[in-house]
Amino acid sequence: MNDIAVKVENLGKKYVIGHQSRSDTARFNEYLSSVGRSIIRRLKNPLNPYDVSLELEDFWAVRNVSFELKKGDRLGIIGHNGSGKSTTLKMLSRITTPTEGRITMAGRLASLLEVGTGFHPELTGRENIYLNGSILGMTRSEIRAKFDEIVDFSGVEKFLDTPVKRYSSGMYVRLAFAVAAHLNPEILVVDEVLSVGDAEFQKKCIGKMQDISSDNGKTVLFVSHNMNAILSLCSKGIVLDRGQVLYYGDIREAVKRYIESRRKSPNASLENRPKPDWVDGRVRFTKCAMKNSGGTEVYSVSVGETAIFECEADCMEEMNGEVLIIIDIYNSCNCHVAALNTRNLGYVSHLRKGKNIIRFTVPKIPFYPDQFSLDLYAEYYGSAMDFAKDALSFQTNPGAFHSSGRINEPYRSIFAVDYSVSTE
Amino acid sequence: MKPEDKILVIEANRTGLLYLRDFWNYRELFFTLAWRDIVVRYKQTIVGILWTILRPLATMIVFTVVFGKIAKLPSDAGVPYVLMVFGGMLPWQFISSTITTGSDALVGNHALISKVYFPRMIIPTARIIMALVELLINAVLFGILFAFYRYVPSWHIVFLPLFLFLAVLLALGVTYFISSLNVKYRDFQYVVPFIVQFGLYISPIGFSSSVVPEKWRLIYALNPVVGIVDGIRWCLFNSPLLPETVISAAVISVLFFLFGIWFFRKLESEFADFI
């Protein structure tokens, strides 16, 4: 146990959830009788916290999760919403108790489950630094010693004696993160903090966290949907899926597994997908990938970076003339945000028999941070040849679209647009 | 202690001894939360801390007029009615304000409970500091009243801390019980004002216990506030004090305190899931 910082063995958390029993309540009289039934059940069982018309069921939010971290390890915890990431962190930070299993930790653990925890809107910035610091486990003397550093890092010194309810959301987050970043725990748990603040501040935060973990041999557990942040910060990764461990090991592999699991059809199986019945199948997409300007395959790009969408297509016969290939891009709200096609550019593609590679290069990706999925479509003189739904998923991260390096925050719009301003 | 020495094991069931140690480790947070509650309470108020005095003062005047002047209830021998009412008001104010502010303490701090670990008992317990500060301020006012009426308290006053201690136990016990129940069933936030209002009339606050008929005394003494208030009046004014009421108050307060802790601990592990 000498150099082990965190050891998690067969961790599990069970919740009891209620769901509506299978009765058709569409008709009014049936609805009335079901209400009557539930009143009777309520009378029989007055202290049941659930709506008694619900049937109870055990639900394991997390089960059989095990991992071991040495001092100074940085673990990225990755998974879809509801995969058990937060529950795992909550058990680690002792907010909920595990139903089964065991956690052993050496040293103090501090969690940044949400920055600004315990901030009171009525209190001033100064008062909140003390309050928040002691909630996160610092002693008063520790806070006093670091007070100036915290204020410097947050950059809100002018407003220290203003109640934080008058702060802008950016100032609020900066102050909150500043307090949390100056905690001195042996084990640091960070959840989603980087989804707030502007790009510049996020960079500062990532830098700070790298400092925290590398300089002092601190152990960090990091949860984020931002794969770039995870890749740059973590050495190990664990992928959770429906409460179970899908993969545990090297972070690059973990990110890859996660991105692949996001697709309805994983990378390789573009070839094995069923052919839609409305296409003739003379062309078949076999692969789709996103690459950066250097030609390496990536799963995320920053706003303003170059992205190359590369698809591989198998052709049954040689085709001359106008082959139309379309890439449709949808964002996480399933809004059709862009269509790249060969026709608009006046490009006439000649596909040869066998394997072809078609490349679409977007020099400056204009999408604000989000998740995207992409459909492929091929057509030859009006007849559809192939269609691949969700051929690729990717995400965009905060980045420098404009030369100033600043982008709108929060991301109220979908696109970053190139423009100039002049005044007269 | 080096951090390497602090090995923490988290398992499904934890013992009470560890909890006690945790509570001690988090004592700074306890005082910080108490400080926050007091500061926040009087932010954006004009008269601020004066509210603490105004409430018991107003109640005292009303009770003195209604019970002493209109209903013409007798005071304890030789004690100005105003002082007797105030002697009952102080412990009652202390108990009721602990219960009122303490019982919604957990729900009011849900953001903390669902985000950070610390012994949850700190939150409702910290609220008693606020009530203690109120009590202290009112005690000063009480002293001024004593001087105004040129009344010298009896030597029994040395026993005062004992009865205040019983009041603390009772208030904490009830607070633990209601605040933890409130997490799961919000009904209890409606019960508290009712208890407080009801308690004011079934306890000897506006009147002296001597007006209660003999045959009802035992049932009456089942209310632990009776023993506490009578005890405090005995300390200050040498009012008559029945041993049964003191014993009943002591036993019930201690039992309530222990039950409150036990109940709170039982529900505590589920707080974050229900809140």
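A residue counts as buried here if 20 or more other C-beta atoms lie within 10 Å of its own. With that in hand, here are the close-ups of this predicted model.

**View 1. The buried face of helix α12 in chain B.** Going by that cut-off, the buried residues of α12(B) are T245(B), V246(B), A249(B), A250(B), I252(B), S253(B), F256(B), F257(B), G260(B), F264(B) and E268(B). As for what sits over them, the cover includes α8 (160-184), α10 (217-221), α11 (224-237) and α13 (271-274), which belong to chain B too. Handy when reading that list: an α-helix has 3.6 residues a turn, so residues three or four places apart point the same way.

**View 2. α12(B) from end to end.** This helix takes in residues 243-268 of chain B, 26 residues in total.

**View 3. Around I78(A).** I78(A) is part of strand β3 of chain A, residues 74-79. Leaving out residues up to four places away in sequence, I78(A) touches I230(A), G237(A), V239(A), A254(A), V255(A) and Y258(A). S224(A) is 146 residues apart from I78(A) along the chain, yet their C-alpha atoms are separated by 7.0 Å.

**View 4. Chain B and its confidence.** The average pLDDT for chain B is 87, with 96% of the residues at 70 or above. Residues 1-5 of chain B are below 50, and this stretch has five contacts in the model beyond near neighbours in sequence. For the complex, the predictor gives an ipTM of 0.81 and a pTM of 0.70.

Technical notes
Residues are numbered from 1 along each chain as its sequence is written. Chains are lettered from A and ligands numbered from 1 in the order in which they are written. This is a predicted model: local features need pLDDT of at least 70, side-chain atom pairs count only at pLDDT 80 or more; totals for chains, interfaces and linings use all residues. Helices (H or I, at least four residues) and strands (E, at least two) are DSSP runs, numbered from the N terminus. Two residues are in contact if their C-beta atoms, placed from the backbone, lie within 7 Å. The expected span of a helix is 1.5 Å times one less than its number of residues. A residue is buried if 20 or more other C-beta atoms lie within 10 Å of its own, exposed if 12 or fewer, and partly exposed in between; C-beta atoms are placed from the backbone. pLDDT is the predictor's confidence in each residue, from 0 to 100.
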